[in-house]
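Please find below my notes on the model you sent. They are set out as numbered points.

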Amino acid sequence: MASKEAKISLKAPKGTRDWSGPDMLLRDHVFETISNIFKLHGGTPLDTPVFELKEILAGKYGEDARLIYNLEDQGGELCALRYDLTVPFARWLAMNNVQQIKRYQIAKVYRRDQPAIARGRMREFYQCDFDIAGAYDAMIPDAEILRVIVETFEALDQDIIIKINHRRILDGLFAVAGVPAEKTRPISSAVDKLDKEPWDVVKKEMVEQKGLSEDVADKIGKFVLNRGTLDEMIEFIKSDPNLSANDEIKAGIADMELLASYSKELDTFSKISFDLSLARGLDYYTGLIFEVIQKPSTTNDKDAKKSSKNQDASAVGSIAAGGRYDNLVGMYGKRQIPCVGISFGVDRIFTILKARRGDKKGPARQVDVYVMAFGGKEFDGLLLKRMSVARQLWEAGIKAEFSAKVKPRLPQQFKAAEDVPLAVILGQDELADGKVRLKVLGTGKGGEGGDKDEKDQGQLVSRDDLVAEVKKLLLEVNADALPIR
């Protein structure tokens, strides 16, 4: 007798998820909002393979290289799933000898990280990248990237802080503190944990794991625990004779002074925090680096208690990050192409927006009008007429549906119209006069609201005027119904 097959575990793999219904619509809204900002700034789209040659990704991610998903050899090429969108972009630039471009890409990336889905940390997740490649005058593209960040989160109604630092300033700080050159990147990775760990824990890692002397670690702490506005931190660094004498720091400060000037004109200055603890663990950054976090809320006790359910959303960490990488493209080609870019973490942004929406569920689908019909004993369902009206709306660019039954019952049609703002109701007598009924649906739910919807038959509208009347009503109904507010 044949043994029974093992029962299949019906679940998505750890660190991944399915998207559907209101969540999918909210995520698509985020995609559309971000891509519209990219287009405002002259961005052109790019798509690259989900996996790359392993040698393309090697040596670009520092300690995070352990998170790369390597693939089995399937045909003579060793490949790996992409870790981010930046390295594939650099490969594409070198391969096609592109000298200047503003490019954006929205695609999935993969990391063998320990997932925390409630906080938006996944193994498969979307990034939305915008990069400016090409040789331009100092800090002008960098300043525009910061403007893209501000515009994007304003459009998403999120209050943010852009933490910035400069790799040359950070490397100079380490040199002044006495860090050996070969330990610069490992120590930089340790410092980058200061947003999650207290100084004592980071210092212990430097001394016990990285082999740094305690005296040098204390000197680093004296520097990296400072943050403030661009003007304040530039003055702080200049006021220290040891720091201001270092050539790397001088070059970084010159960049930051330009950025301070440009950010005031682009109205991003107030969003920026110059944070000397920001290091960014990726090896390819060479200049300005930045990370975007939610601005901490200042709530009273009542609000704090109410918002305690959303602690995961407040602990998502950075929601966008990026920086300047002038040497990455040259690793693949004969010419260096300076680049600067930003990557938005869509899944983390989604987590915040969904928490802000709270218990209020968004629509499960995007339909503007439900076409329905009713009648007496001789009612035949008016299927052909419902099809005709639906086609009329579709041709006008209006999202519409109707029941796929020949003789649907009216209560079933109202049930099917949940979350749909408008209904076009067909009746035999009205159609004979060239008219239909147009009504704004109530709650869109069953129970009392559904009963009320059935009793209110709406206003009579001629077929010729239907499209114009529907569009007018949709403007009124949707005016206060933005997807995430």
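This is a predicted model: local features need pLDDT of at least 70, side-chain atom pairs count only at pLDDT 80 or more; totals for chains, interfaces and linings use all residues.

The points below cover the sheet, the helices against it, the salt bridges and a surface patch.

1. Nine strands make up an open sheet with mixed pairing, in the order β1-β4-β5-β11-β10-β9-β6-β8-β7. Its edge strands are β1 (44-45) and β7 (227-228), each of which pairs on one side only. Strands of a sheet pair through backbone hydrogen bonds, either parallel or antiparallel.

2. Strand β5 (residues 124-133) and strand β11 (residues 339-345) run antiparallel and are joined by seven bridges.

3. Helix α5 (residues 167-177) lies across β6 (160-166), β8 (272-275) and β9 (288-294), and runs at about 55° to β6. Helix α14 (residues 346-357) lies across β5, β9 and β11, at about 40° to β11.

4. Salt bridges across the sequence. The whole structure contains 27 salt bridges. One of them is between the side chains of Asp-159 and Lys-271, at 3.2 Å from N to O. Asp-159 sits in the loop between α4 (140-155) and β6, and Lys-271 in the loop between α11 (247-265) and β8, so this pair ties together parts that are 112 residues apart in sequence. Asp-159 is partly exposed, because its relative accessibility is 41%, which falls between the cut-offs of 20% and 50%.

5. A salt bridge within a helix. The side chains of Asp-215 and Lys-219 meet at 3.7 Å, N to O. Both residues belong to helix α8 (residues 214-224) and are four residues apart, about one turn of the helix. Asp-215 is partly exposed at 47% relative accessibility, and Lys-219 is likewise partly exposed at 38%.

6. Glu-418 and Lys-415 form a salt bridge through their side chains, at 2.8 Å from N to O. Elsewhere, salt bridges link Arg-17, Asp-23 and Lys-354 in a network.

7. A nonpolar surface patch. Which residues form the nonpolar patch on the surface? They are Val-50, Phe-51 and Leu-71, with about 220 Å² of accessible area together. Phe-51 is part of strand β2 (residues 51-53) and is partly exposed, with a relative accessible area of 42%.

How values were computed: Residues are numbered from 1 along each chain as its sequence is written. Side-chain values use heavy atoms; hydrogens and water are left out. Patches are made of residues with over 30% relative accessible area and no salt bridge: like charges are joined within 9 Å, nonpolar side chains (Val, Leu, Ile, Met, Phe, Trp, Tyr) within 5 Å. Accessible areas come from the Shrake-Rupley method with a 1.4 Å probe; for residues, only the protein chains shown count as cover. A salt bridge is a side-chain nitrogen of Lys or Arg within 4 Å of a carboxyl oxygen of Asp or Glu. Helices (H or I, at least four residues) and strands (E, at least two) are DSSP runs, numbered from the N terminus. Buried means under 20% relative accessible area, exposed over 50%, partly exposed in between (1.4 Å probe, protein chains only). Two strands pair if DSSP finds at least two bridges between them. Contact means heavy atoms within 4.5 Å. Axes are lines fitted to C-alpha atoms, for helices over the stretch in contact, and angles run from 0 to 180 degrees between N-to-C directions.
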